[in-house]
Amino acid sequence: MDKKYTQYAWEMTEALLSIDSPSGYTCRAAAWVREQFEKMGFCAEITTKGGVLVDLGGANEDDALLLEAHADTLGAMVAEIKGNGRLRLSPLGGMSANNAEAENVRVYTRGGQVLEGTCQLCNASVHVNKDYSETKRSFDTVEIVLDEDVSSAADTKALGIEVGDIICFDPRTRRTASGYLKSRFLDDKLSVGILLGFAKYVSEQKKQLSRKTYVHITVYEEVGHGGSASVPAGVTEAISVDMGCVGDGLNCTEKQVSICAKDSGGPYSYEVVGKLIEAAKKTGADYAVDVYPYYGSDVEATLRGGVDIRHGLIGAGVYASHGYERSHISGIENTLKVLKGYLDV
């Protein structure tokens, strides 16, 4: 596979990272994803639930493959407008207060305003707060300090902010000269970019897929039910293309593609995992097989939704998951190779 598709996958990832899309606030991201697939000539539709379902074509509709990735990210919601005009927040997905502290945010109101602020420890000045270092970070001890002249709840409400408004954290996306990719929310916008890169390869190279293949970009994975619906008829296998875990006790690095054999939801299909390993070997992909201790994926939600399928999980290695994450351009390339090998194109 030409390296231009690896580069294209990163460019699409970078563009998508610039669109705020925490779980429950994903319409703009979904519309953008749909547009990118349609530009390549594929039929793409927004599902009732808000995801994007794409038909990549292919023969053998009775043995179809579904590739899943998610465009929703971590974020927060306004839970309370405090008496001093600051905001108490409630997390969307597995956001940690430790990772949220000191990050710039955007607050999206239902009236269409976008207001800036920062997530800070309550009483955040070290020169004032003697308990600064010892304070346990939680969503009861951090708050949003708006970059507006507010000192009361009335002041903040006058800006149009209400309980239930969406709080989005700055992704701080960067690519280094050495090929490292750093950003919040590589989980899982990096995989959406990879699937766009694979679709670009299929389209430009006029590849005929040996089996019917669909892509489902889900929008509720971070809260546990992203892949539980919208599975087309004839699908017998589903592969979640999500972040590969990097950390102590695991084999994968940011430069590899990870093939998950088991996570906290149990084992993945032994048959599918074996075929993914064979696909990696056939295409020369640099891969690792790992067991993830604290992880769940879209495809497990698909199974819990009652769909009778075999399932698998792959992804480019990502370090510091649910924080300021890091991967590498080689991880994209190796993931694309496995997809190419799995579909024999």
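Mentor: Let us start with a definition: two strands are said to pair if DSSP finds at least two bridges between them. Keep in mind throughout that this is a predicted model.

Trainee: What makes β6 and β9 a pair, and in which sense do they run?

Mentor: Strand β6 (residues 104-108) is joined to β9 by four bridges, and the two run antiparallel; since at least two bridges are required, β6 and β9 count as paired.

Trainee: Why are both faces of β9 called covered?

Mentor: In a regular strand the side chains alternate between the two faces of the sheet. In β9 (residues 166-169), Ile166 and Cys168 lie on one side and Ile167 and Phe169 on the other, and all of them are buried, a word that stands for under 20% relative accessible area. Across the protein, buried residues make up 54% of the 345 residues.

Trainee: What makes the radius of gyration agree with a compact globule?

Mentor: A compact globule of 345 residues would have a radius near 20 Å, and the protein has 21 Å, so the two agree. The C-alpha atoms fill a box of roughly 65 × 40 × 40 Å along the principal axes.

Definitions and conventions. Residues are numbered from 1 along each chain as its sequence is written. This is a predicted model: local features need pLDDT of at least 70, side-chain atom pairs count only at pLDDT 80 or more; totals for chains, interfaces and linings use all residues. Side-chain values use heavy atoms; hydrogens and water are left out. The radius of gyration is taken over C-alpha atoms; the globule rule is 2.2 Å times the number of residues to the power 0.38. Buried means under 20% relative accessible area, exposed over 50%, partly exposed in between (1.4 Å probe, protein chains only).
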